[in-house]
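Q: I am new to this structure and would like to go through it step by step. Could we begin with how two of the helices pack?
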Amino acid sequence: MKSKLSSPPILAYPDPSGLEFILDTDCSNSALGAVISQVQNGHEKVIAYYSPTLSKSEINYSELKYGVSSRQCNVISDDKSKVSNPNSWINGLFDSEIKCAQRKNKNLALIINLMENSDHKPTWHEICSESIVVKALWSQWKRLEIRNNILYRRWEDDTGKKISWQLVVPDSFKTDILTNLHDAVTAGHLGVNKTLGRIRERFYWTGVGENVKEWCRRCHQCGSRKRPPKTFRAPMKTYNVGAVMERVAMDIMGPLPLSEHQKNWDVLLPLQMMAYRSAEHDTTKYSPNVMLFGRDVRYLIDVLYGTVSNNENFDNLPDYVMQIRTYLDNVHEFAREKINNASDKQKWYYDYKVNFKPYSVGDAVWLHDPKRKVGISPKLQCNWDGPYLILNSISDLVYRIQKLESSKPRVVHYNRLKPYHGDFDNWLTKTVIQKDTESHATANEENNIESDIELSENEQCDMSNFPTDNIEYGRGNRVKRPPNRFVPD
Ligand SMILES: [Zn+2]
């Protein structure tokens, strides 16, 4: 690579016939780099490389100043787009501009003024009526230094070996710095600590930690990918059945391979079902057979030993029916009581760590809406879509939300939402709130739209979570695929 870089066609002789030279510069904490090039016959050719390491005293100068002073050389080029690095906010900033910006800031100007006009730290009495920023800088008096008319703060790492000079940043630069060190392609939207670390190597301002935290929290890109620190989960809604067959649940699976040899599970399955149906249920304390038929099945052993249940000694059918009805009523009454107790307990466990904050009309939210795309790792997809706005709440746990003024509203469960903290144009607060809440208040419309309710996979499975009165559960536009496992050849 070294030889390729230092030979044609990459390296060329300079053409002195009036063509402009381009100077690219770069620097790190310990070295400088520069390349002089020239556009010859439409191609950019390198004329010379320069890459010295810095001496001990040179290292003490701020990185920024090298950036700035080397930037000044770029003025000789007429082609600014070629020499400017779009990822560097340093471009176009000169010492004089930084100096000017610091002095335009009231707080920094005051500190600089105090430093320039006296050689001792002002007393508390002198600054006690000033702002928090001034006081914070005052408390770090020994660490501040004015170098070449610009205010810096000395920063040492934990070992005390690495010392750098942080530019004390005026308010007007903060957004630019945060954008470059968090949002830029080269910054990569890393978390609070990494962004803060990057900033601290170069810059200082009072409250930088809080600002970075807030910046990352409000960042749209980060929000669309990251899980909320706490999972937002609504308290469980319980729905207890009070009579036999009032609600039927089915688990459907298969096709499964048929049995071979001793693995005759399909032959044994009915026996297993029999065992389950005749066993006492945890919650109701009765077996499913008793709950449904008022009696249990007779086992082989009952036949062998002649054990006979009480309610089979009847002379006539009407008597039998009467008695079994009474018996079933009692059983069901007892079971209802047990179910209520058990569901209270289940709800208590579920709600134990619940993190439930209801949303209000107009709140901005993210919607968890994962869409699997073939060939793309789920890790790399943005699972959170937003911002949506809350139009109204249909029940405690179900909200109607809408993304844009022109888009269709969606009805979703609380557990799929998390708060949105970024900035955006809130179309709802402008016009719609008043009209919307009024129009949606009619019972008729409630019933119509509730049939659009969208449920995530988990919610589909656990219906006990839901306010169920009169709500239909549709699946939207999901693609239905047959399972491809266990398909017999
Ligand atoms: Zn981000």
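A: Helix 6 and helix 8 cross in a right-handed manner, where right-handed means that the near helix is turned clockwise from the far one by less than a right angle, and left-handed anticlockwise. Helices (H or I, at least four residues) and strands (E, at least two) are DSSP runs numbered from the N terminus. This is a predicted model, in which local features need pLDDT of at least 70 and side-chain atom pairs count only at pLDDT 80 or more, while totals for chains, interfaces and linings use all residues. Residues are numbered from 1 along each chain as its sequence is written.

Q: At what angle do helix 6 and helix 8 pack, and how far apart are their axes?
A: The angle is about 35 degrees, and the axes of helix 6 and helix 8 are 9 Å apart. Axes are lines fitted to C-alpha atoms, for helices over the stretch in contact, and angles run from 0 to 180 degrees between N-to-C directions.

Q: Which residues make the contact?
A: Helix 6 contributes Asn 107, Leu 110 and Ile 111, and helix 8 contributes Val 133, Val 134 and Leu 137. Two residues are in contact if their C-beta atoms, placed from the backbone, lie within 7 Å. Of the residues in this contact of helix 6 with helix 8, five are nonpolar, one is polar and none is charged. Here Ala, Val, Leu, Ile, Met, Phe, Trp, Tyr, Cys and Pro count as nonpolar, Asp, Glu, Lys and Arg as charged, and the others, Gly among them, as polar.

Q: On to the cores: how many residues has the largest nonpolar one?
A: The largest nonpolar core has 26 residues, and those with the most contacts inside it are Leu 151, Leu 167, Val 168, Val 169 and Phe 203. Among the elements giving two or more residues to this core are helix 6 (106–117), helix 8 (132–139), strand 5 (150–156) and strand 7. A nonpolar core is a set of buried Ala, Val, Leu, Ile, Met, Phe, Trp, Tyr and Cys residues joined through C-beta atoms within 7 Å. A residue is buried if 20 or more other C-beta atoms lie within 10 Å of its own, exposed if 12 or fewer, and partly exposed in between, with C-beta atoms placed from the backbone.

Q: What does Leu 151 touch?
A: Leaving aside residues up to four places away in sequence, Leu 151 touches Gln 102, Leu 108, Ile 111, Ile 112, Leu 144, Ile 146 and Val 168.

Q: In what order do the four strands of the open sheet come?
A: The order is 4-5-6-7, with mixed pairing. Strand 4 (144–147) and strand 7 (203–204) are at the edges with a single partner strand each, so one side of each has no neighbour in the sheet. Two strands pair if DSSP finds at least two bridges between them. Strand 6 (residues 163–168) and strand 7 run parallel and are joined by two bridges. Val 168 stands opposite Tyr 204 in strand 7.

Q: Asn 149 next: where is it placed?
A: Asn 149 is in the loop between strand 4 and strand 5. Its phi is near 70 degrees, a positive value in a residue other than glycine. Asn 149 is partly exposed, with 14 other C-beta atoms within 10 Å.

Q: And Met 245, buried or exposed?
A: Met 245 counts as exposed because it has 8 C-beta neighbours inside 10 Å. Met 245 also has a positive phi, near 65 degrees.
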